[in-house]
Each structure stands twice: as structure tokens, then as C-alpha cells.
Amino acid sequence: MIAQTLAVLLLLGAAPSTEPPAAPPERVLRVCADPNNLPFSNQRQEGLENRLAELLARELKATVQYTWWAQRRGFIRNTLKAGLCDVVLGVPADFELALTTRPYYRSTYVFVYRKDRGLKLGSLEDEALRTLKVGVHLIGDDMANTPPAHALARRGIVNNVVGYTLYGDYTQENPPSALIEAVRRGEVDVAIAWGPLAGYFALRPGPELEVVPVQPRKDTATGLPFVFDISVGVRRGDKALKAELEAALSRRRPEVEALLTEYGVPRP
């Protein structure tokens with residue numbers, strides 16, 4: 001009987017297979033990120049958001065696949081909206097260009113100055129800001145500047161302010177770090193910078209730096225907030241992925257908190 005069956009299979013051009021059934025396709029978490037933007041991400045995957053992407057992917061039983069793109073104007077349009085990826089980490093919770101998860105951390109703008117200077121700064125209303133050399137990140141001249149640049153300008157603090165482009169020299173590693181390194185070298189007395197960036201680079205070797213949250217949390221002169229909730233962004237309408245990511249962030253909350261601490265993120 002067996003011989004007859006084999007004969008029939010051979011006549012039909014088929015042979016009994018000894019191979020195991022094919023495994024289902026591996027899931028991929030497609031992430032868009034900047035290849036040169038520590039402490040958030042880089043191509044060597046050393047950043048906070050690289051580590052978080054790996055954590056989320058493990059929860060989703062997926063592997064991370066990156067599309068690298070410099071994070072500047074047009075980033076979301078050219079990446080998430082263009083379908084090059086499904087996830088962007090580290091976006092504001094009220095980000096209008098994406099559907100966002102519940103926030104996974106909150107941080108603030110901070111004053112950064114050398115401990116050996118003996119300064120005591122904490123408020124935008126501090127009169128010392130009128131005489132100290134103050135460094136801030138600048139974006140452009142079309143009212144899209146950073147909250148500190150607007151806050152200082154509204155108070156007439158202009159001539160003693162030194163601007164550092166937020167995008168920096170992209171031929172160098174970690175361009176936004178130039179502002180914090182300027183504090184360490186004494187090129188400016190104090191910087192007002194986004195907390196996660198300042199906290200991370202303040203951990204580097206060299207003169208010790210103070211990192212102090214800016215008060216008030218919402219500037220009374222401009223109405224601009226200095227504290228922001230940060231979320232994961234997905235394409236608008238992708239409610240299923242948003243829900244999966246929120247559940248993963250909730251399950252791995254202790255690991256997320258540990259990552260934020262490791263990278264020096266101030267959480268007011």
C-alpha cells in the first residue's frame with residue numbers, strides 16, 4: 001500500500017516533505033530616528049530612544065528596523081507620514097502631527113552652570129540673567145525659536161545672550177551638545193537648555209555642572225511652557241499600535257524609569 005502511495009506521488013511530480021512547517025514572518029517595529037542626536041538616538045544605537053525602542057520591540061515580540069533621518073523641519077512629513085516607519089519616539093504628548101501614546105515621562109528646561117562659579121539660579125526673573133553671559137539654543141528667525149530664547153527676548157535680555165543653533169554642526173557628533181560644552185569651557189556663564197539633553201551631557205567628565213529646573217513652569221511673560229510631557233508617536237489612525245505601545249510602556253514602567261535615570265533626565 002505504501003509503495004503504491006509513493007508511486008502515485010511520483011507520478012504527480014510530488015514527494016513527501018520532511019521539512020518542518022515554515023515559521024510565521026517575524027514582526028518588525030519600524031522606527032524613524034536621528035542617526036546623530038545623543039542623548040536621544042544615534043546610528044550606533046547608544047541613545048535613550050534606541051534603548052527604549054529595543055525594550056518596546058521585545059514586548060511586542062518584534063525586532064527594531066530603523067529609518068535614519070536628521071530630526072529637523074520636515075522630519076515627520078518625510079518619515080512617519082511618508083510610510084517609512086510606524087513609530088517615532090520622544091514627541092510632545094500634544095503633538096499635532098502624530099497620534100501619541102500616554103506620556104512616558106515629563107521633563108523641563110533647566111539652567112546649567114558650573115558648580116565652581118557659585119551661582120544660584122532657578123528663575124527666569126533672576127536679575128543676574130541681565131548681566132551673565134547666557135547661552136540658548138536657537139532654531140530660526142520665524143518665531144519658531146525655543147522657549148528660553150523667547151522668554152529672554154521678551155524681558156529685553158538680548159545683548160548678553162549667545163545663540164547656539166539647535167541643529168549644530170552635523171558633521172560633528174551630537175551637535176546640540178555644543179551649548180552644554182560651552183558652559184563647561186566657560187564660554188558662557190549659564191545655559192538654558194532642554195532637560196534631557198542638559199542632564200545627559202552634564203554627566204560627562206570635566207568641571208561639575210549644576211542642572212536646575214527653570215521656574216516658573218509656564219513663563220509669565222510669553223505664556224510658553226517650560227515643562228513638557230513626552231510620548232511615543234504613531235501615524236494618525238493607527239489606534240491598534242498606539243494601544244499596544246501604551247500597554248508595553250505600562251508593563252515595563254520600572255525599566256523605563258531606570259533608563260531615564262541612567263541618561264540623567266530631569267523629571268520635575
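**View 1. Aromatic pairs in the predicted model, with Tyr-104 and Tyr-105 as an example.** In this predicted model, the count of aromatic pairs comes to 8. One of them joins Tyr-104 and Tyr-105, whose ring centres lie 5.3 Å apart with an angle of 65° between the planes. Because an angle over 60 degrees counts as edge-to-face, the pair of Tyr-104 and Tyr-105 is given that name. Tyr-104 has a relative accessibility of 3% and therefore counts as buried. Tyr-105 is likewise buried, at a relative accessible area of 6%.

**View 2. The ring pair of Tyr-109 and Trp-194.** A pair of aromatic rings is described by the distance of the centres and the angle of the planes. For Tyr-109 and Trp-194 the centres are 5.5 Å apart and the planes stand at 55°, so this pair is tilted. The two residues belong to distant parts of the chain, 85 residues apart. Tyr-109 is in strand β7 (residues 105–114), whereas Trp-194 is in strand β10 (residues 190–194). Both partners are buried: the relative accessibility of Tyr-109 is 11%, and the relative accessible area of Trp-194 is 18%.

**View 3. The cluster that contains Tyr-109 and Trp-194.** Ring pairs connect Tyr-109 and Trp-194 with Phe-226 and Phe-228, and these four residues form a cluster.

**View 4. Arg-72 and the rings of Tyr-167 and Tyr-170.** Arg-72 is placed over the face of Tyr-167, 4.8 Å from the ring centre. The charged end of Arg-72 also sits over the ring of Tyr-170, at 5.0 Å from the centre of that ring.

Terms used:
Residues are numbered from 1 along each chain as its sequence is written. This is a predicted model: local features need pLDDT of at least 70, side-chain atom pairs count only at pLDDT 80 or more; totals for chains, interfaces and linings use all residues. Side-chain values use heavy atoms; hydrogens and water are left out. Rings of Phe, Tyr and Trp (its six-membered ring) pair if their centres lie within 6.5 Å; planes under 30 degrees apart count as stacked, over 60 as edge-to-face and the rest as tilted. Buried means under 20% relative accessible area, exposed over 50%, partly exposed in between (1.4 Å probe, protein chains only). Helices (H or I, at least four residues) and strands (E, at least two) are DSSP runs, numbered from the N terminus. A charge sits over a ring if NZ of Lys or CZ of Arg is within 6 Å of the ring centre and within 35 degrees of the ring normal.
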